[in-house]
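User: I am new to this structure and would be grateful for a close look at its disulfides. Please also describe the other side-chain links that accompany them.

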Amino acid sequence: MPLLALRLLPLVLVIGTGGSVPRPLALPQGCYIAEEAGEQTFRCSRAGLSAVPNGIPNDTRKLYLDANQLASVPAGAFQHLPALEELDLSHNALVHLSGAAFQGLEGTLRHLDLSANQLASVPVAAFVGLQIQVNLSANPWRCDCALQEVLRHVRLAPGSGTGIVCGPEARPDLVGHEFLLLTREEELCGTGRGGTRRSTDVALLVTMGGWLTLVVAYLIRYVWQNRDETRRPVKRAPPAQPVRSEDSSTLSTVL
């Protein structure tokens with residue numbers, strides 16, 4: 001009898017306070033909660049989502065939103081998940097990432113997968129303060145300064161670097177090239193550390209142009225000086241004075 005009373009006690013308390021029995025959390029269709037390797041996991045893979053869903057448990061450590069139709073990640077989309085360590089956004093249709101997309105995850109997020117999307121560029125601000133390993137492969141990157149700055153703030157997932165390739169929005173001479181190989185030869189954010197091919201070429205051209213200007217100026221001055229010399233009248237020597245007979249007879253007497 002006492003055991004039965006203990007089991008009925010919660011129900012009696014709920015009824016006595018005029019409340020209702022809590023209902024299970026309604027999950028988006030195609031999503032489910034699981035425990036994988038002791039980690040609270042929320043999976044919404046291939047669920048036909050076009051936006052980050054509601055109802056994700058606050059204690060989720062691994063979140064899989066891969067293979068959906070997400071086109072953007074708004075500011076603070078995951079800030080209610082203070083324990084999130086791994087986030088998979090791969091194989092979506094992402095074209096835009098807010099600068100505050102991962103706000104609130106600075107101290108927890110460790111792995112981020114953005115591969116196989118439609119990202120041409122991402123804001124550096126989205127990754128500032130994060131200590132993450134990220135997969136950026138299989139996107140049509142613009143290969144600009146923003147991407148180069150992002151790579152200075154993150155660690156790439158092993159083996160994913162070769163998949164960062166310049167897409168159709170990149171400079172024509174960069175399209176189809178691996179971005180990491182290009183950054184070894186060229187600095188896309190101005191003067192780089194240690195000098196770069198492009199900045200060196202520009203400096204060389206400026207130097208050569210300066211020397212060429214000096215040479216041309218010297219030649220012009222030389223030509224004008226010679227031209228002035230040729231225009232000056234030639235000074236002729238005065239005619240020789242004839243020797244007078246008196247002087248010649250005096251000279252003969254002395255001899």
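Cys 31 and Cys 44 are joined by a disulfide, with an S to S distance of 1.8 Å. The model discussed here is a predicted one. The torsion about the S-S bond of Cys 31 and Cys 44 is about 120 degrees, so this disulfide is right-handed. Cys 31 belongs to the loop between α1 (2-16) and β1 (32-36), and Cys 44 to the loop between β2 (39-43) and β3 (62-64); the pair therefore ties together parts that are 13 residues apart in sequence. Cys 31 and Cys 44 are both buried.

A search of the whole structure finds three disulfides. Another of them is formed by Cys 143 and Cys 166, whose sulfur atoms are 2.1 Å apart. The link of Cys 143 and Cys 166 is left-handed, with -110 degrees about the S-S bond. This pair links distant parts of the chain, 23 residues apart: Cys 143 is in the loop between β8 and α2, and Cys 166 is in the loop between β9 (155-156) and α3 (179-185). Both Cys 143 and Cys 166 are buried.

Cys 145 and Cys 189 also form a disulfide, and their sulfur atoms lie 2.0 Å apart. Because the torsion about the S-S bond of Cys 145 and Cys 189 is about 115 degrees, this disulfide is right-handed. Here, too, distant parts of the chain are linked: Cys 145 is in helix α2 and Cys 189 in the loop between α3 and α4 (197-231), 44 residues apart. With a relative accessibility of 28%, Cys 145 counts as partly exposed. Cys 189 is partly exposed, its relative accessible area being 24%. When the bonded cysteines of the chain are numbered in sequence order, the pairing reads 1-2, 3-5, 4-6.

The loop between β8 (133-135) and α2 (145-151) also holds Asn 139. At 5% relative accessibility, Asn 139 counts as buried. A polar atom of the side chain of Asn 139 lies 3.0 Å from the backbone oxygen of Leu 114. A polar atom of that side chain of Asn 139 also lies 3.1 Å from the backbone nitrogen of Asn 117. Leaving aside residues up to four places away in sequence, Asn 139 touches Leu 114, Ser 115, Ala 116, Asn 117, Gln 118, Leu 119 and Val 165.

Phe 78 and Phe 102 form a stacked pair, 6.5 Å centre to centre with 10 degrees between the planes. Phe 78 lies in the loop between β4 (72-73) and β5 (86-88), and Phe 102 in the loop between β6 (96-97) and β7 (111-113), so the pair ties together parts that are 24 residues apart in sequence. Phe 78 and Phe 102 are both buried. Phe 102 and Phe 127 form a tilted pair, 6.1 Å centre to centre with 50 degrees between the planes. Since Phe 102 lies in the loop between β6 and β7 and Phe 127 in the loop between β7 and β8, this pair ties together parts that are 25 residues apart in sequence. Phe 127 is buried, as is Phe 102.

The charged end of Arg 43 sits over the ring of Tyr 64, at 3.9 Å from the ring centre.

Definitions and conventions:
Residues are numbered from 1 along each chain as its sequence is written. This is a predicted model: local features need pLDDT of at least 70, side-chain atom pairs count only at pLDDT 80 or more; totals for chains, interfaces and linings use all residues. Side-chain values use heavy atoms; hydrogens and water are left out. Helices (H or I, at least four residues) and strands (E, at least two) are DSSP runs, numbered from the N terminus. Buried means under 20% relative accessible area, exposed over 50%, partly exposed in between (1.4 Å probe, protein chains only). A polar contact is a pair of N or O atoms within 3.5 Å; within protein, one must be able to donate a hydrogen and the other to accept it, and residues adjacent in sequence count only if both atoms are side-chain atoms. Contact means heavy atoms within 4.5 Å. A disulfide is a pair of cysteine sulfur atoms within 2.5 Å. Rings of Phe, Tyr and Trp (its six-membered ring) pair if their centres lie within 6.5 Å; planes under 30 degrees apart count as stacked, over 60 as edge-to-face and the rest as tilted. A charge sits over a ring if NZ of Lys or CZ of Arg is within 6 Å of the ring centre and within 35 degrees of the ring normal.
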